[in-house]
Each structure stands twice: as structure tokens, then as C-alpha cells.
Amino acid sequence: MRENPLVLHVLGARPNFPKAAPVVRALDSLGVRQGIIHTGQHYDALMSDVFFADLGLPEPIANLGVGSGTHAQQTAALLIGLEGVVLEHTPDLVVVYGDVNSTLAAILVCAKLGIPTAHVEAGLRSFDRTMPEEVNRIVTDSLSELLFATSPDALSYLASEGIDPRKVHLVGNPMIDSLFGALPALDPSPVVKRLGLPPRYAVATLHRPANVDSPEAARELVDAVLEVSEQIPLVIPIHPRGRTRLAEAGLVTSPSVYVIDPLGYVDFLSLVRGAALVVTDSGGVQEETTVLGVPCLTVRPNTERPITVSHGTNRLVTPALLPAAASKVLSDGAAIPAEELPVMWDGQAGPRIARVIASWLHGDNLAPAAHNRVTP
Ligand code: UD1
Ligand code: UDP
């Protein structure tokens, strides 16, 4: 390893930012030389810039501006852009996050260039290969040198795919580090006031291709969401992916439906904290509602985060079952998690990841399997 090794983080889409911020901060406090490459997969100020401000992320050293397109177009642009920037900076380790196309492309580029990689949020599986993210997860995990798992179920999935357990570290969930960091600032009142919401409201986020890309799916979902809005006013910070299709399916602002632009990180979680109910198809929001103790109905047939169902407030529903499930949640009152929070969802995942990375950079042998099963 070089005298002063360099770590690069590849970020590109909204959910990457709260996962990376605690890792960057913790590496900084260990004096590790590092930089962020922003791929530009997400580029609207409300999908990107606002997170750098809210999470205190440093300016990227490069923004590749790859933007949107089909999977092939976007991934091709990512591969070309990332290869150039990685060759220019010659990092000793590249850290990737979650399951987005920027993550997949970074892993492929580094594998071909022989540059080691670390995957934060390894081992999540929905077992649904129609989801682009599931393909990205499997490829990313198979090519990573260091794998950081957020929940214990990931360990057996990775082992069953033949991944050497000595590479895998259970470290907890850095997205929850960000949530705990923001907690003192999470006050629903100013956002509620600004949006003109009543004190009792629900929040919905919807962006999965299976829910919003086809007119039929969008209509079924919108019909269900509108039924929920007859029970409780619903605020929907709309992801750009579904904006047009959901509007065509009838999701428009009305006295009980507040369709608004995406919210910044602190504003969004403030709103969630004060909500009586969250309806979502987001991955991260399932985790955040688990920790905030807010009832969450996830409109998906499966989840790669089953721990949010077993340890949290999350429940999977079909669009057809959503209105009745919402009605039950609203009449039962706030759901308190039955058990304690998932192991190591304690705000210390970033420091755990940084310690493993720093040891790895210094050539320490991280071999003992017992150590790798749980990194306390
Ligand atoms: C991506 C991730 C998904 C993640 C989501 C988080 C992949 C395959 N998918 O999905 O896992 O849950 O981000 O938000 O990587 N758009 C804008 N402005 C932007 C960004 C996107 O208008 O700043 C619009 C474009 O029309 C674009 C569409 O949203 O075509 C989809 O963007 P894309 O990054 O391809 O996928 P997401 O649906 O955002
Ligand atoms: N989020 C946000 N503003 C919004 C919607 C979501 O700040 O209007 C945050 C949310 O709190 C979480 C992250 O964005 O931290 C999740 O991103 P997203 O749902 O886009 O992606 P996923 O987790 O489904 O991959």
C-alpha cells in the first residue's frame, strides 16, 4: 500500500448520500485521504445538492454529469465516465453504496482495472430479479473486496452465494447514523406550517418502476392512494420518475392530497417524524420509519429489508389492500416496535466501517472469521 493511501467514494443517487456521510466523516477523523466522485445520476438540486448541505458532505472532486437514460445508456455513460476518473486519481480503495446503477458501474470499472472495492449495504436480497436493484446487489457483492452488512440476514445470503465470510463485516446501518445525527433538527412544525398541512397527516413516497412506470400500475396505485386520502390528508413529495405517469393516473393536488416537489433530507424526515402513517415503496424509508417508530405500509410484493418488518413498524401491502391497512393503522394508533431496534442500528456504523477500512489500508490481516461475523 502507498504511503498515504487514497479512498474514493462513488455516489450518484439520493439514497447514496445519507449512507455515505457517516463513513466519510469517520474516515476523516482517522485522517484517511479521500474524495467523492459524484456520477450525476441524480442531478436536480432537490435530489442531490440539498443532501450535501443537509448532511455536511464535502464537495465532490468530480461530477461526471451522466444524467438519465435507459439502463444501457446510463450504465454505459457511467462506465466510461468512471473509468476516466478512476484512472486519473488511482485510488487504493473505492467505496460504493447500496444498489443503484452508479454502484454497479463503479464496481465493474474497478474490477476491470484491478482496484479493490468496498460495498456498504452488502447482502440485502429481495430475491426478485425483476428489480434492477437486485441485479446490481448481486453483481456488486460478488466483486467486492470488503462487504459491509447492515443486518445479520445478509451474512447467510452472502455465504450461500459463495462469498468468503472473511470479507464480510456486520457493522450496522450508516443510514441510521445519519438519521440519529439529524434527530435534534427533526421538527415537523415548520414544515407542516409551510405546507399548510393539518396536524394529523400521512406521507407517501412512490418511485419503484413496478409501481409508476406503466399506466395500469400507476392507476391501480393512485386509486388506492386516493382512497387513503379520504381517511387522512396525504402529502406526497414526488420523485421525478413518477411525476408525469402518476399525474396522468389522477394524482393531482386536492384539498386532501398535497403533491409537492421532493423534500430535502431534514425537511422530509421532519415530516415523517410527525406523520400518523407513511406509505412508501422506498428502501431507505422502510428503515427510517422503523427507527422513528412511525407506522409504514410498503406497497411492494417483497422487501430486501425484512428486518424492518420483524423488528420495526413496516408491513408489505398490495395496492388493493392499502386502504384497509391504512384504516387499521389509523384506528389502532401509533405502532411501537415490538422488539429492540436491529442490532448495531445505533449510530456507530460509520466509525465501524472506517476502522475496518483503515486497518485494511494499513495491510492488517482481518482474517478471523469470528471477528468478521460481528464487528463490535
Ligand atoms: C434510482 C435507483 C433506485 C433508487 C432511486 C432513488 C437505479 C437502477 N435505480 O432510481 O434504486 O431507489 O434512484 O431515488 O439506479 N430524474 C430527474 N431528475 C433527477 C433524477 C432523475 O428528473 O435528478 C428522472 C429522469 O426522468 C429519469 C428518472 O427520473 O429518467 C429515473 O432516474 P434514474 O436515476 O434512472 O432512476 P430512479 O428511478 O431515480
Ligand atoms: N428522502 C428525502 N426527501 C424525499 C424523499 C426521500 O430526503 O422527498 C430521503 C429519505 O429520507 C431517505 C432517502 O431519501 O433517506 C431514500 O431515497 P429513495 O427513497 O429515493 O431511495 P431508496 O431508498 O428507495 O433506494
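In what follows, Ala, Val, Leu, Ile, Met, Phe, Trp, Tyr, Cys and Pro count as nonpolar, Asp, Glu, Lys and Arg as charged, and the others, Gly among them, as polar. On that basis, the shell around ligand 2 divides into 10 nonpolar, 5 polar and 3 charged residues.

The model before you is predicted: local features need pLDDT of at least 70, side-chain atom pairs count only at pLDDT 80 or more, and totals for chains, interfaces and linings use all residues. Residues are numbered from 1 along each chain as its sequence is written, chains are lettered from A and ligands numbered from 1 in written order, and side-chain values use heavy atoms, without hydrogens or water.

Let me stay with ligand 2. It is surrounded by 18 residues, a residue being near if one of its heavy atoms lies within 4 Å. The closest are Arg 208, Leu 263, Ser 282, Gly 284 and Glu 288. Helix H12 (265–273) and helix H13 (283–292) each supply at least two residues of this shell; helices are DSSP runs (H or I, at least four residues), numbered from the N terminus.

Next, the polar contacts, that is, pairs of N or O atoms within 3.5 Å. An oxygen atom of ligand 2 lies 2.6 Å from a side-chain N or O atom of Arg 208. For Glu 288 the corresponding distance is 2.6 Å, and for His 207 it is 3.4 Å. Taken alone, ligand 2 exposes 540 Å², of which the protein buries 97%, by the Shrake-Rupley method with a 1.4 Å probe.

The domain bounds come from an automatic or database assignment.

I turn to ligand 1. Here too 18 residues form the surroundings, the closest being His 42, Asn 101, Glu 133, His 207 and Arg 241. By class, this shell has 5 nonpolar, 8 polar and 5 charged residues. Domain 1 and domain 2 each contribute at least three residues to it.

An oxygen atom of ligand 1 is 2.7 Å from a side-chain N or O atom of His 42. A polar side-chain atom of Gln 41 lies 2.9 Å from an oxygen atom of ligand 1, and for Gln 74 the distance is 3.4 Å. The protein covers 85% of the 750 Å² of accessible area that ligand 1 has on its own.

Technical notes. Polar contact = N/O pair within 3.5 Å; in protein donor to acceptor, adjacent residues only side chain to side chain.
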